[in-house]
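Reader: Could you walk me through this structure? I am new to it and would like to ask as we go.
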Amino acid sequence: MTTTKQHGGIGARLRRGVEPAVLLGPGLLFYAVLVAVPVLLVTGYMFATRGRFGGVEWELGLDNFTRVTDSVYLEVFRESLGLALLATLLALLIGYPTAYAIAKLPPRWRTVALVLVVVPFWTNFLIRVYAWIVLLNSQGLLNDLLVGIGVTDDRFTLLYTPGAVVVGLVYSYLPLMILPLYAAIEKVDDDLLEASADLGAGRVRTFLGVQLPLTLPGVVTGSILVFVPSLGNFVVPELLGGGKTVMVGNLIRDQFLKAQDWPFGSVLAMMVVVLLVLLFLGQAWVTRRVEGGARG
Amino acid sequence: MTTLLEVQEVSRSFGDVRALDDVSLSIAENEFFALLGPSGCGKTTLLRSIAGFEHPDSGAVLLGGADLLALPPNKRPVNLMFQSYALFPHLSVAANIAYGLKRERLAKAEIAQRVAEVLDTVGLGAMAERRPAQLSGGQRQRVALARAIVKRPRLLLLDEPLSALDRKVRAEMQLELKRLQHEVGITFVVVTHDQEEAMSMADRIAVLAAGRVQQVATPLELYRQPANLFVADFIGTSNLLPGPGDGEHLVVRPEAVRLVAPGEGRLEGTVADTQFQGGTSSVAVDVPGRERPFLVTLPGATEAVRGTSVGLAWEDAVVVREGLA
Amino acid sequence: MASGTRRSGLGWLWLPLVLCAAFLYLPILVLVVMSFNGGGSAYSWDGFSLRWYDELLHDDVLLESVVTSLGIAAGATVIATVLGTLLAVGLARHTRSRLLEAAAMAPAILPDLVLAIGLLSFFYAAGIPKSAGTVLLAHAAFGTAFVVAVVRSRLAGSDAALEEASRDLGAGALSTFVLITLPSIAPAVVAGALLVFTLSLDEFVIAYFTAGPTTKTLPITVYSMVRTGVTPEINALATVLVVVSVVVVVVAARAIRPKEKS
């Protein structure tokens, strides 16, 4: 005589659901209101039109999208991409050797080095940008140095140029490049490098053929961590670029806080987000390829 | 024997995989029961279902006639000894053991007394204030055991209790567990993949494969009268021969075989290897047409020499069907 | 395991290491040195002096914004730590959905500008006037994501056995959480809280968009100072902030140290 009674019935199943609900509920609700809703709102704004006294009027259309294709804005976008890419590349060129060097330090020194890398990052962002304003100023130390060495006779302005913006971006986010690179380099098994040498590859070949490919996920992560905030940045272009270098971030900021054209600003912001998503997908793909190995 | 636990047609699937397929069995009071099978056979799922950490899709589990599945794990009069022991690292041995008693809101004096008692029972009286990290594997296992026993559950579940121990300790613990079970008088249900372990400790064994019960019987019955090919092959060593009928196999146990002159036995072959093991000898015979050597266990020493031809004869053999239940 | 530790020293890698260190610290050092410069000009040395620190201590606007920032950071930290810890435990023990896990950490990955305009729009649409409270909520929102990330990764290695053992021994869900789960994740929770606190203090973009006209957090005040005036007070402020950062990072590095599995 057997019964096919459901285990404890509905009561038990409901009771089992209480714990996940209590754990996940508040946080997800909080997110839903403060993250999901804002993002949806901005997405919706893309199709709306600006209100006459600021804010938004819900007259839907695709005007904002066509406006974006205006060459002025495309130019800004192109320049932003260029500067962000340049900053990322420089960060990579500086960051990789540095991360490699740290990985080769004796263990105790490694922690010290990593702490030293992180400390500037935790110092107020604006202060650090300000430091470069001081350094790059035409009366500034850097100029003094260059004149002193004899590189140049003039006092030229390093400040308020695209170059200054790039330097500022690199400086702000360099630690974010170094840390993932360090993690990736540190993971590479010494045996692989030695095997490469044993098989006849020189230092350069070993680097290009073994180390670089294996640390690629770290390169990608670091690059994204520098590229994304660089692209959306408005503080650095404003303070170090002096308003002459306008990046997407400045545009977005202006639309929201000055020109009060929120719908248009939303489109610009969403373009950045879409780019971001594509980058993340690319990163996941690269990581799978490198770590998936035989399956890939 | 009164029935304590009844499992009735319990099923559980994970996606496409049927971890438990209409499993039914009953366990008696004061029994030392084993759930035996290869990994993935569902034994751990069944154990965890009884403990309350897995939830069957259908079927019922009755403890002393009452619906067990309706209760959350902390309300079941059942306790589980985890394979990894799961000792709380931030609590002392005594605090670990007292943990379950505190949840019952017993008086402090009573808790202290029972903790001391059980520590004595498992022989760890001196370790009360140590932390788990300071104990050896065998000691940790005893703490885990003590922690479960002290609550005097009606049923004690043990998930691969000996797997983490090294061989010498394992043999000792097998005896310990048996002794403990008798002394404390609790029904033990042990999950293991090691058939030697199950055979030596359990009063009755349920052999599982692919989520289904293949056979439930005493060790002797399982050995002498396996229900199917799987059980015959899983329990002890066996020589399998194609059987009389279609889909049937003949199971010949090594100790049932005698070595005779070539031509006088049912099979003929060449001695591949002999090992003297003290009380018995093991002889492996290569028989043409068989992949694996035919295994023979003889009392005492043997005169069989490598390379010579011998005949194999036996009287007792069991016929089993192929396939699983 | 570690790259090249078997091989001899750094060789030519010393150069990039030193150059990078110089690059990272030179600007900060300049500010620190200048903070003790008696003269007003940033470009000539006028004798050692602590007057800028003195002015810092008497700058009411600045001090008020420090208090505002601390208040917002504290509030955001409390909310983020509680919600984030609960969320992390829930994700670790009750879901297998990669999507949900990614969603829980999304705010940390989105560019702050996007979050900023989103929150601005939200508060406007909901008719909530901007104030210190809106900044607090905004910081709590992205702070939660960081707590989730830290606590989640701490839980990633561990299985549910300890919690199941606790339930098996008779403890209810709440007792288990308080007596067993929390002690085991405590270092990560602390690290997460510290992280949120520091991030909030330093955060500019989101605060800038969601602050009311009278709400001045420290970064917002610094922003105005940098844009308008050139009072050398900023150098003193910078030095103080650097020292605080060093302390925080060192403490956090100790707390985050991963648990050794015995």
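Author: What follows is a conversation about a predicted model, taken one chain or contact at a time.

Reader: Let's start with chain C, please: how many helices and strands does it have?
Author: Chain C has eleven helices and zero strands, and along the sequence it reads as the pattern α-α-α-α-α-α-α-α-α-α-α. Its C-alpha atoms fill a box of roughly 75 × 65 × 30 Å, taken along the principal axes.

Reader: And what percentage of the residues in chain C is buried?
Author: Of the 262 residues in chain C, 48% are buried. As for contacts within chain C between residues at least 6 apart in sequence, 78% of them join residues that are at least 24 apart.

Reader: I was also looking at H8 of chain C; where does it bend?
Author: The bend in H8(C) is at C:Ala186 and amounts to about 60°, with a proline, C:Pro187, following within four residues.

Reader: What about chain A itself, and into which domains is it divided?
Author: Chain A is divided into domain 1, covering 9–57, and domain 2, covering 70–295. The contact between them takes nine residues from domain 1 of chain A and eight residues from domain 2 of chain A.

Reader: Which elements of domain 1 give two or more residues to that contact?
Author: On the side of domain 1 of chain A that touches domain 2 of chain A, they are helix H1 (9–45) and strand S1 (49–50) of chain A. The largest share of that side, three residues, comes from H1(A), and by class the side has five nonpolar, three polar and one charged residues.

Reader: Now chain B: how far apart are the centres of its two domains?
Author: Taken over C-alpha atoms, the centres of domain 1 and domain 2 of chain B are separated by 39 Å. Domain 1 of chain B runs over 3–224, and domain 2 of chain B over 238–321.

Reader: I noticed B:Tyr85 as well; what is its phi?
Author: Phi of B:Tyr85 is near 75°, a positive value in a residue other than glycine. As background, most residues other than glycine have a negative phi. B:Tyr85 sits in the loop between strand S6 (78–81) and helix H2 (93–103) of chain B, and B:Ala86 is found in the loop between S6 and H2 of chain B too. Phi of B:Ala86 is near 50°, again a positive value in a residue other than glycine.

Reader: Why does B:Tyr85 count as buried?
Author: B:Tyr85 counts as buried because it has 23 C-beta neighbours inside 10 Å, and the cut-off is 20 or more.

Reader: And B:Ala86, is that buried or exposed?
Author: B:Ala86 is buried, since 26 other C-beta atoms lie within 10 Å.

How values were computed: Residues are numbered from 1 along each chain as its sequence is written. Chains are lettered from A and ligands numbered from 1 in the order in which they are written. This is a predicted model: local features need pLDDT of at least 70, side-chain atom pairs count only at pLDDT 80 or more; totals for chains, interfaces and linings use all residues. A residue is buried if 20 or more other C-beta atoms lie within 10 Å of its own, exposed if 12 or fewer, and partly exposed in between; C-beta atoms are placed from the backbone. Two residues are in contact if their C-beta atoms, placed from the backbone, lie within 7 Å. Domain bounds come from an automatic or database domain assignment. Ala, Val, Leu, Ile, Met, Phe, Trp, Tyr, Cys and Pro count as nonpolar, Asp, Glu, Lys and Arg as charged, and the others, Gly among them, as polar. The bend at a residue is the angle between axes fitted to the seven residues ending there and the seven starting there.
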